[in-house]
Structures are given as structure tokens and as C-alpha cells.
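I opened this notebook to record what I looked up in the structure displayed here.

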Amino acid sequence: MVPIEYYLLLSAAVFCIGVFGILTRRNALLFLMSVELLLNAANINLVAFSRFHGNLTGQTFSLFTLALAAAEVAIGIGIVLVLYRNFDDVDVTEATTMRW
Amino acid sequence: MSVDRGGRDADVDDRSRKWPGVAAIALFVVLAAVFVGAPFGDAAGGFEGDAGITASIGYSMFNIDAPDAIPSEGFLVSFILIAVVLDAALDGAVMLATREEEDERSPGLASDATDRGPERVPSTDGGRPVGDGEEVDD
Amino acid sequence: MVYEMLTFGLFALVTIASSLGVVLVRDVWHSALLLGVALLSVAVHYVMLQAEFLAAMQVLVYVGGVLILITFAVMLTRQAKTDEEEVTNV
């Protein structure tokens, strides 16, 4: 069995890559993809600890995370399409109407 | 690549990636130091239980007490809550995707009301032709 | 044992490389495809962790649903002015 530290390091790497993507990109679709990377990193941790402890709570919880990620992407795609319709762009720095 | 669109596209390449990259790498270093140094105890030898893993996931998702299931917690309440949340997400997606008639803007994220002409003012008088007040013509 | 570690290292490399590709590639369509590669390699990690059902759900929900939705959004928001190196999709 692979030691759990390796899975934690893999998950931390994917999480940091997702954070980097959110901080650097300006396309709203890349935001969605980076959020998917973050959720996958969390899922890797959950499943790894589920295997590590011999308890199925982590796997069941990551199933819920999967369903919520799908719903989040559906809402996010709707928001991105409305953003594109109203601003003719998917650049998140263009939508400054609600900026104070 | 250096198209001037508000002067922001030119510095996507190098400068604006520097500090987020440093922040991400610093976060990874901190996480790795914690993960490598943390004591996790001994690993279990695997899942114990005669029921299959998938069957045990079903048991734990609906709080079914099966005698031979792999140990887990119950998730029935969170199952119901997430079902309600997914219904709300469906309604939100439909609300965002719906566009009104002869209106190019969506009602969800209409930016401002100034570019909507006076014909967009909703009539509160039931739509009957009245003589007093200003005439809302369209 | 050593094969398990070897497989883990290989697929961890695939996961990290494709995740880096998602956030570093300029074209958003290539980012979507690399996201699919990353999600599939995460499913491989699930199989290695004895979570076969979760791996199947990962492939079905993410690659079959989420990635198709993102692909539709990429196609719907693709700018028409691709002659100047689609700078709006950065």
C-alpha cells in the first residue's frame, strides 16, 4: 500500500495548482475548472483516509462532494453564459458593474 | 498577445503570475511540511466486513444497520439536505438560463437600469389605457 | 509493492502535469481537454485506493457531465475574432 503521505502530497499539489489557476486566470471558465481541481484534491484526501482507516465515511462523503460539484458547475455555467450575454466577454475583470 | 485591452492583457504573461506562483508554492511547502511531519499512526489492513464496498456505501448513505457492513457513519440527513440543495440549484440554473421576450438582457444579471427605456417600466395599473399621468407608450 | 509505488508515481505525475496544463495553457479549449485527463487520472487513483464505485462515479459525473458542460460553455462563449490570437480566452 502506498503510504498516505504520498497521497496527501499529491492532493496538496493539485490544490495549490487550483489556487494558482484561480489567482492568475481571468477567464471565468478557467475559474470553474480550477474549482474542479480544488474539489478533486479534497476528494483524494477523503478517499485516501477512508482506505487508511478502513472506514467508509470518506468514500460516502466524497460521493456527496461529487454531486455538489456537478450542481456547482451547472450553476457556474449558467452564470458564465449570462456574463457572456451581458458583457460579450467571459473576462471576470470586465464585469465591474457591481463594483463599489 | 499584446493587444491593448485596458492595458491588462500585456502583463498576464509574467508579472501577474509571479506573486500568485510564489503564494501557491509557499502554500504547498507549508502543507508538505505539515503532512510529512504529522504522525498518522498505523494503517488499517483494508476494509473489514463481509459486505461489498459499494453495498456498504449504500448502507451508510441511508442509515441501514447491516450486520456485516464495513463501519461507517450515517448520511441520511445530509442526503436529504443535499437533495434540497440540488433542487435549489436546478431552479437557479433555470432562472439564469431563462431570457425574457424581446429583451436581450437576462433578468438575472442585468447590469443597470439606465439603458432600459421607459417602455421597460412595468405597468402597475393593470394595463388599462388611462388619461392621467404620463403616457407610457410602446 | 514496488509496482504499486511505480504506478502511483506515474499517475501522480500525469495528474500534476495535466493540472498544471489546465492553469497554464492559454487556449481554454486545451484547458478543458487537460482537465479531462486530470479527472481520469484521479479516477485511477481511486481505483488504487479500493474505491471502484467512486472511480466509476468520477468518470460518469465529471468526465461525462461536468466536462461536457464546460465544453458546451467553451463553444458557446468562443469569440469570433480569432485572428488576433484569441486573447479574450486567456
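The entries below record each look-up in turn.

**Entry 1: conventions.** I note that this is a predicted model, in which local features need pLDDT of at least 70, side-chain atom pairs count only at pLDDT 80 or more, and totals for chains, interfaces and linings use all residues. I number residues from 1 along each chain as its sequence is written, with chains lettered from A and ligands numbered from 1 in the order in which they are written.

**Entry 2: confidence.** I recorded an ipTM of 0.90 and a pTM of 0.79 for the model. I count two residues as in contact if their C-beta atoms, placed from the backbone, lie within 7 Å. Where pLDDT is low, the predicted coordinates should not be read in detail.

**Entry 3: chain A.** I counted three helices and zero strands in chain A; helices (H or I, at least four residues) and strands (E, at least two) are DSSP runs, numbered from the N terminus. The elements run α-α-α from the N terminus on. The radius of gyration of chain A, taken over C-alpha atoms, is 17 Å, well over the 13 Å that the globule rule gives for 100 residues, so chain A is more spread out than a compact globule. That rule is 2.2 Å times the number of residues to the power 0.38. I read the span of the C-alpha trace of chain A along its principal axes as about 50 × 25 × 20 Å. Of the 100 residues in chain A, 58% are buried. I call a residue buried if 20 or more other C-beta atoms lie within 10 Å of its own, exposed if 12 or fewer, and partly exposed in between, with C-beta atoms placed from the backbone. Among contacts in chain A between residues at least 6 apart in sequence, 48% join residues at least 24 apart.

**Entry 4: chain C.** I found three helices and zero strands in chain C, in the pattern α-α-α along the sequence. Buried residues account for 39% of its 90 residues.

**Entry 5: the largest nonpolar core.** Which residues touch the most other members of this core? I found Leu29(A), Met33(A) and Ile70(C), out of 70 residues in the core. A nonpolar core is a set of buried Ala, Val, Leu, Ile, Met, Phe, Trp, Tyr and Cys residues joined through C-beta atoms within 7 Å. The elements giving two or more residues to this core include helix H2 (28–53) of chain A and helix H3 (52–76) of chain C. H2(A) gives the most, with 13 residues. Not counting residues up to four places away in sequence, Leu29(A) touches Val80(A), Val90(A), Val28(C), Ile70(C), Ala73(C) and Val74(C).

**Entry 6: chain B against chain A.** I found 43 residues of chain B in contact with 35 residues of chain A. On the chain B side, H1(B) gives the most, with 12 residues.

**Entry 7: Val34(B).** I located Val34(B) in helix H1 of chain B. Is Val34(B) buried or exposed? Val34(B) is exposed, with 11 other C-beta atoms within 10 Å. Val34(B) and Pro20(B) are 14 residues apart in sequence and 21 Å apart in space, C-alpha to C-alpha.
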